[in-house]
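Colleague: I have the sequence and the coordinates open. Can we go through them, starting with the ligand?

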Amino acid sequence: MSNLLKSIIRPEILALSAYHVPSADGMIKLDAMENPYTLPLILREEISQLAEDAHINRYPDPSATSLKVILRNTLSIPSEMAIMLGNGSDEIIQAIALATAKPEAVLMGVDPGFAMFRIIATFCGMNYVGVPLTANFSLDLDAMLAAISQHRPAVIFLAYPNNPSGNLFDPQAICRIIEATPGIVIVDEAYQAFADATFMDMLTQYPNLLLMRTLSKLGLAGLRLGLLVGRPEWLAQLEKLRLPYNVGIMTQLIAERIFQHYDILLEQAAAIKAERTILRARLATMEGVEVFPSDANFILFRLNEASRIFQELQQYGILIKNLDGTHPLLKNCLRVTVGTSDENTQFCKTLRRILDKPLQLA
Ligand SMILES: *Cc1c(COP(=O)(O)O)cnc(C)c1O
């Protein structure tokens with residue numbers, strides 16, 4: 001590596017590996033928790049019309065006022081709470097880390113957890129502390145409380161349901177953490193639509209609680225819109241770090257229009273939940289496959305030689321996520337996103353074929 005590069009780039013950036021997104025050209029794509037369904041034609045036509053009429057020569061509304069009104073109503077956001085929008089919720093995580101990154105400040109998460117918490121903490125100059133989950137991926141409350149008193153985190157991120165495990169943590173344990181920590185807790189509800197559980201009602205109760213949502217897993221991953229909900233005094237500070245026009249005009253217009261038909265998104269989420277039940281049951285019948293419970297739109301499972309099986313699936317044109325080797329608790333674990341009925345069937349058939357194949361002797 002050139003000396004110039006090494007002298008200019010911060011050491012923690014040099015040490016970081018870039019977030020890897022594999023190519024999915026022509027594959028059945030079940031790796032990224034995307035909603036597999038398209039929108040009804042009539043709604044897509046309305047979106048075309050919006051694009052035709054949009055004043056893209058002008059900057060977007062920097063405060064996205066009308067979009068926030070409809071988000072507040074459809075998502076039942078308490079009236080005393082403020083909303084901040086991000087270009088995806090990843091950008092909100094970044095704003096929180098930038099705002100809290102005093103020298104030596106700690107951002108705490110759980111491991112295995114959402115990789116971006118660690119990556120963003122690191123590039124914002126924070127110390128990331130990941131507290132291990134138990135073997136069945138539940139919160140280890142004692143370990144969390146001990147880590148909180150040892151590290152005094154400025155920020156704790158908890159995904160509810162958790163990614164990559166798919167389960168909901170015990171809400172009472174989360175409350176204990178909110179009460180014990182000297183800093184703020186962000187409950188990341190990226191998968192809320194598939195879970196029937198939320199901390200939205202707890203916001204008024206805890207002054208150090210913030211709640212994050214995203215439209216990505218709900219069918220709008222390509223639009224890039226995430227939101228943070230919390231007390232106005234917190235959000236007023238975080239707003240200073242939000243770049244003025246971070247949510248573009250097309251995202252604002254399209255998200256607003258789609259949220260006028262929020263029932264469509266909810267119907268799609270319900271269909272995904274029904275497919276999840278079928279997919280879990282099928283995986284559970286496969287010999288040697290251990291399936292974990294899921295309240296999200298993906299399923300974590302464990303089987304022997306996971307990395308080899310992941311590669312074989314890929315050779316058959318099916319892309320899922322290999323988690324083997326990313327954390328000791330994820331040994332031999334793979335994660336599959338719930339797709340359409342056809343995609344799930346293809347995936348199960350192919351997996352069965354791989355598992356039934358007699359081992360080839362070298
Ligand atoms: C996917 C995901 C996000 C990121 O969502 P974007 O809004 O697309 O940036 C945030 N948190 C968790 C836990 C996720 O799995």
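Modeller: Keep in mind that this is a predicted model. Ask away.

Colleague: How far is a polar side-chain atom of Thr214 from an oxygen atom of the ligand?

Modeller: Several side chains place a polar atom by a ligand oxygen. For Arg224 the distance is 2.7 Å, and for Asn163 it is 2.9 Å. For Thr214 the distance is 2.5 Å.

Colleague: What percentage of the ligand's accessible area does the protein cover?

Modeller: On its own, the ligand has 390 Å² of accessible area. The part of this that the protein covers is 93%.

Colleague: Is Asn163 buried or exposed?

Modeller: Asn163 sits in the loop between β5 and α8 (171-180). Its relative accessible area is 6%. Buried means under 20%, so Asn163 counts as buried.

Colleague: Which side chain makes a polar contact with the side chain of Asn163?

Modeller: Beyond its neighbours within four places in sequence, Asn163 is in contact with Met33, Pro112, Gly113, Phe114, Tyr191, Phe298 and Arg335. A polar contact of 2.9 Å joins the side chain of Asn163 to that of one of these residues, Arg335.

Colleague: Which strand does β10 pair with over five bridges?

Modeller: The open sheet here has four strands in the order β9-β10-β13-β12, with antiparallel pairing. β10 covers residues 298-302, and its partner over five bridges covers residues 333-337. Within this pair, Ile299 is opposite Val336. The partner is β13.

Colleague: Why is one side of β9 and of β12 left without a neighbour in the sheet?

Modeller: β9 (290-291) and β12 (321-322) stand at the edges of the sheet. One side of each lacks a neighbour because each has a single partner strand.

Colleague: Which residue with a positive phi follows α6?

Modeller: Helix α6 spans residues 115-123, and its buried residues are Met116, Phe117, Ile119, Ile120, Ala121 and Thr122. Their cover includes α2 (11-15), α5 (89-100), β3 (106-111), β4 (127-132), β5 (155-159) and β6 (184-188). After the helix comes a residue with a phi near 85°, Gly125.

Key
Residues numbered from 1 in each chain as written. Predicted model: local features only at pLDDT ≥ 70, side-chain atom pairs only at ≥ 80, totals over all residues. Heavy atoms only, no water. Buried < 20%, exposed > 50% of the residue type's maximum accessible area, 1.4 Å probe, protein only. Helix = DSSP H or I, 4+ residues; strand = E, 2+ residues; numbered from the N terminus. Contact = heavy atoms within 4.5 Å. Pairing = 2+ DSSP bridges. Polar contact = N/O pair within 3.5 Å; in protein donor to acceptor, adjacent residues only side chain to side chain. Areas by Shrake-Rupley, 256 points an atom, 1.4 Å probe, with all protein chains shown as cover.
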